[in-house]
Amino acid sequence: MDTQDIQLLMTLHRTNNITRAAEELYTTQSSVSKRIRQLEKELGIILLLRSRLGIQFTPAGEIVLRHIKAITRELMTMNQELNDAQGVISGTLRIGVSINYAIYRLPPLLRLYQERFPLVHTQLTIEVSQKIFSMFIAGQTELAIVRGEHSDWDGPRILLGREPICIITCREHRNLPLRELPQIIRKADTGMERDTALWRKENKIPTAKNQIFANNTTTCIEMVRQGLGWGIVPKICLAHFDGCIRPMHFADGRPLVRSTYLLYTEQTAALPQIDAFINLLRESTSLPHTA
């Protein structure tokens with residue numbers, strides 16, 4: 001068994017399908033099947049079973065998987081240590097990122113990071129902030145970029161930026177009272193829903209009789225652009241919106257804002273590839289759009 005066999009078995013385990021595994025490995029289904037038969041003959045076991053639902057590893061196959069996962073970790077550690085000894089940053093960067101930040105801020109930063117450190121393997125998860133925070137707490141990512149305060153985290157964090165939360169309407173509805181328009185509602189986290197509920201109460205904005213529920217911010221903005229109603233969205237999403245934008249304020253004059261943080265631990269920050277990414281984000285906080 002060599003490294004190609006290890007990659008084959010890991011891919012089969014992840015895809016649960018011989019055809020998809022062959023496509024990912026740029027080979028043919030018959031070649032994959034032939035190599036599996038050869039491995040089974042060499043090891044004297046049946047590695048996997050085939051069915052209409054895909055493939056399933058046998059108990060003996062699960063033992064092989066457990067050991068090749070350990071081998072893979074050891075190889076990665078060896079390569080990391082060798083590169084560290086030569087002053088080369090490599091390894092794996094596992095990071096969870098909130099959806100809006102991933103769309104509107106992360107791409108140029110990630111491209112710059114990959115240009116500087118091409119040997120680092122990036123594993124990126126994009127989800128709503130609460131899901132990213134839960135994954136981070138569970139140790140499934142080393143870094144988390146989340147929106148909102150997350151006051152139950154008392155570890156290190158970096159403020160990446162704050163931006164106002166805004167009321168948006170199309171230009172034709174600029175002068176119409178909001179209570180006369182349908183509302184385009186997008187799902188938000190508990191903190192944002194609490195703040196917008198307080199804003200509604202203070203500004204005497206009743207629940208709209210006609211409501212449209214959008215599954216994401218992009219859909220909400222496009223529906224507002226088409227004159228279907230008004231919406232509440234963070235300014236981070238509005239660089240290309242050509243309608244009316246009004247930042248929201250509470251009765252005491254405080255703006256309703258949304259913060260974005262990078263969360264990490266001191267232990268993971270000691271890894272060179274993670275320290276490099278943290279430093280890159282520190283640099284980004286000096287850019288105008290993160291002020």
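Strand S9, spanning residues 230–234, is mostly covered, with 5 of its 5 residues buried. Here buried means under 20% relative accessible area, exposed means over 50%, and partly exposed lies in between (1.4 Å probe, protein chains only). Helices (H or I, at least four residues) and strands (E, at least two) are DSSP runs numbered from the N terminus. The model is predicted: local features need pLDDT of at least 70, side-chain atom pairs count only at pLDDT 80 or more, and totals for chains, interfaces and linings use all residues. Residues are numbered from 1 along each chain as its sequence is written, and side-chain values use heavy atoms, with hydrogens and water left out.

**Strand S9 and its partners**

From S9, Trp230, Ile232 and Pro234 point one way, while Gly231 and Val233 point the other way, and all are buried. Two strands pair if DSSP finds at least two bridges between them. Strand S6 (residues 157–169) pairs with S9 in the antiparallel sense over 4 bridges, and isoleucine 168 stands opposite glycine 231. Strand S7 (residues 183–186) runs parallel to S9 and is joined to it by 2 bridges; in this pairing glutamine 183 stands opposite tryptophan 230.

**Aromatic pairs**

The whole structure holds 3 aromatic pairs. Rings of Phe, Tyr and Trp (its six-membered ring) pair if their centres lie within 6.5 Å; planes under 30 degrees apart count as stacked, over 60 as edge-to-face and the rest as tilted. Tyrosine 113 and phenylalanine 277 have ring centres 5.2 Å apart and planes at 80 degrees, so this pair is edge-to-face. Because tyrosine 113 lies in helix H6 (residues 106–116) and phenylalanine 277 in helix H11 (residues 272–284), the pair ties together parts that are 164 residues apart in sequence. Tyrosine 113 is buried at 0% relative accessible area, and phenylalanine 277 is buried at 1%. Phenylalanine 136 and tryptophan 153 form another edge-to-face pair, 5.0 Å centre to centre with 70 degrees between the planes. Phenylalanine 136 belongs to helix H7 (residues 129–137), and tryptophan 153 to the loop between strand S5 (143–147) and S6, 17 residues apart. Both of these residues, phenylalanine 136 and tryptophan 153, are buried. Ring pairs also link Tyr113, Phe117 and Phe277 into a cluster.

**Salt bridges**

A salt bridge is a side-chain nitrogen of Lys or Arg within 4 Å of a carboxyl oxygen of Asp or Glu. By this rule there are 10 salt bridges, including those in the table.

| Salt bridge | Closest N and O atoms |
|---|---|
| Arginine 35 and aspartate 5 | 2.7 Å |
| Glutamate 42 and arginine 35 | 3.5 Å |

Arginine 225 and glutamate 222 are 3 residues apart in helix H9 (residues 217–225), so about one helical turn separates them. Arginine 225 is partly exposed at 31% relative accessibility, as is glutamate 222 at 35%. Elsewhere, salt bridges that share partners join Asp5, Arg35 and Glu42 into one network.

**An annotated region**

The unreviewed UniProt entry places the feature "domain: HTH lysR-type" at residues 1–58; such annotations may be inferred rather than shown by experiment. Over residues 1–58 the chain is 60% helix and 14% strand, with the end C-alpha atoms 18 Å apart.
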